[in-house]
Amino acid sequence: MTKGAVLILGGRSDIGLATAHALAGAGHPVWLAARNAAGLEPERTDLALRHGVEVSLHEFDVLDTAAMPGFLDALPGLPAVVVSVVGLLGDQAKDEHDPAAAICVMRTNYEGPATILGLIAERMEARGSGAIVGVSSVAGLRGRATNYIYGSAKAGFTAYLSGLRNRLAIRGVHVVTVLPGFVDTRMTAGMDLPKKLTAAPKEVGAAVRRALEGQRDVVYVKPVWRLVMAVIRAIPERVFKKLRL
Amino acid sequence: MILSGWGRTTAQDCRVSRPRSEAELAARVAEGGLIARGAGRAYGDAAQSAANTVDMGGFRRMIAFDEATGQLVAEAGVTLDEVIATFLPRGWFPAVTPGTRFVTLGGAVAADVHGKNHHRDGSFGATVDWIDLMGPDGRVRRVVPGEALFGWTVGGMGLTGVILRVALRLKAVETGYIRQRTLPAPHLAAAMATFEANADATYSVAWIDCLARGPSLGRSLVLLGEHATLAELPQDARARPFHPPAPKRRLVPFEAPGFLLNGLTVRAFNEVYWRAGLAGLGERLVGWAPYFYPLDAVEGWNRIYGRRGFVQFQCALPLAVAAGALEALLREISAAGQGSFLAVLKRFGPQAGAFSFPMEGYTLALDFPLHAGTAALLDRLDRIVVTAGGRFYLAKDARMSRAVFEAAEPRAAAFRGFRAAEGLAGAFGSTQSERLGL
């Protein structure tokens, strides 16, 4: 039996490609969506060669919400699974003084992904089947001085996914929230990340696959993050506000 | 970033970058003193440069595969593990593979690795149709067999440029099983005679008990192998001929304390291995993984030697004097009483290439935990090899002195000359090449 196609939003990112490999390896055809999609031709060839599945490229800009319905109409069909790995870390220290840059971070991490997943959710609900995976972040679980613009947008996205799941659970559409902690990617290149808390993109891909196969709702890529965030969330605000985290 | 080789004795703080495109890579090349690093499976400091180490993890895409010829084109960071995972289910296997599949194609070319079929099929370079190489000017050239640059690149330890893409021929196989035949050899002469008598076997290698002494000096189990055909598989395995039952992947979860590893435990291990081998004589079917890659099943096996790490010793000896030299080496090792868990003896066939390690004759490979007596023993072994006109495997070297290298490598001067003439000397270099004066 051929498996249903997977649409990956943010197909150029390390996590997007790792997820593409994980799901193509399970036999799913893959549709990679990204800006300048034609530049992903080497990745398309690599995926197709390794996994023997159909792989196609689709032009997609997460900030161009007006173009989203047209983007969906132009796809080969409605995918069985959609995974959004779109994200932009930004530069907190700079962005907090630059509203335009901050808005870009907010829109890229929240407005854009939520909008496209919302549109796809409509269509999947009508069909009565599908799976929606949103890669959010543990940064959304509590705002911190060092990354609250990014974190707040991810918080919004996490809440959106939670609500979507709540709405669609009885409609046959499965919604997964993936919460990676630190991931060793281009986005974090040059940052000094603690090894034990840092996942490889491959681990995120594997976590997405496991979540889909196991019908999980919320998954932490590295289980230790559940503990770390429980501690961080338990600190009273009175104390937390004086910490440098 | 602290890097070291697989033997974990060459820790060094290196500036590491991970370019994603040829343009980014070219910018690194322009800085000079660059060495490309693949999977970090060289045992010593061959893939370390304090100033400019390039992690090739940004170049790991497969590009094309020709079902008619078995030619695979892939970027240098692709590993043999990935090649096997992708193509064995379609009936193809690397035509030459070293004892671990966790090496990159770029690393395999740079070290011109060899496998158990060297006596028949030559080294890894013999399976390569072309290489795309980034030169000191940042330009990419396609080099083919016959060109001087190809000859120095295969086995050139990354010192001729950055290997970007490789076209290699895979070999067609009907199954993922090997018909393995185990022949006992009570001493060195018998082991060598067994190799010579089985020159037509596709694969041959011997496990050698380097602690055996006296009349048993060099006692070995010689393992021969042939790719099993579909008809040779038992009925129940024919449905999934490329998927032998996988051995469990084990992990060495901690660094073994040094005292665990001494003459006694190693001697005991070798004794048990020998007896188990005798019990398992004759022919049996073995999956490709345990046959080619027994140590790959133990993730992080290099930690078994503890925090201090270990050094590998591998030499090649010319055929005419191999018997005497091997005997002298084994005498030194068994007298010192500190051999390795697994020592390997293998017959090499003729070898092409300007700077490749193999030579027609024999190769002996062993590892030693690093402690007080090791350095002196290794120096004595070095001398035996140099006197015999043998040479050393740079992919395993972590400690050779410049003097020993010069004595063992009459080819070094020509390589140095080529590097100077082509403007490669300043652009590409590793901690190893500095140590050896290449």
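Visitor: What share of the contacts in chain A with a separation of 6 or more comes from residues 24 or more positions apart?

Guide: Such residues account for 68% of those contacts in chain A, where a contact requires that two C-beta atoms, placed from the backbone, lie within 7 Å. The model is a predicted one, in which local features need pLDDT of at least 70, side-chain atom pairs count only at pLDDT 80 or more, and totals for chains, interfaces and linings use all residues. Residues are numbered from 1 along each chain as its sequence is written, while chains are lettered from A and ligands numbered from 1 in the order in which they are written.

Visitor: Why is chain A called as compact as a globular protein of its length?

Guide: Chain A has nine helices and nine strands, taken as DSSP runs numbered from the N terminus (helices are H or I, at least four residues; strands are E, at least two). Its radius of gyration is 18 Å, close to the 18 Å that the globule rule gives for 245 residues, so chain A is as compact as a globular protein of that length. The radius is taken over C-alpha atoms, and the rule is 2.2 Å times the number of residues to the power 0.38.

Visitor: Why is helix 1 of chain A called oblique to helix 7 of chain A?

Guide: Helix 1 (residues 14–25) and helix 7 (residues 201–213) of chain A pack at about 50°, with their axes 8 Å apart. Axes are lines fitted to C-alpha atoms, for helices over the stretch in contact, and angles run from 0 to 180 degrees between N-to-C directions. That angle makes helix 1 of chain A oblique to helix 7 of chain A, since angles under 35 degrees count as roughly parallel, over 145 as roughly antiparallel, 65 to 115 as roughly perpendicular and the rest as oblique.

Visitor: Which residues make this contact?

Guide: Among them are A:Ile15, A:Ala18 and A:Ala22 of helix 1 of chain A, and A:Val204, A:Gly205 and A:Val208 of helix 7 of chain A.

Visitor: What makes B:Arg141 count as partly exposed?

Guide: B:Arg141, in strand 10 (residues 140–143) of chain B, has 16 C-beta neighbours inside 10 Å and therefore counts as partly exposed. A residue is buried with 20 or more other C-beta atoms within 10 Å of its own, exposed with 12 or fewer, and partly exposed in between. Leaving aside neighbours within four places in sequence, B:Arg141 is in contact with B:Leu133 and B:Gly135.

Visitor: What share of chain A counts as buried?

Guide: Of its 245 residues, 44% do.
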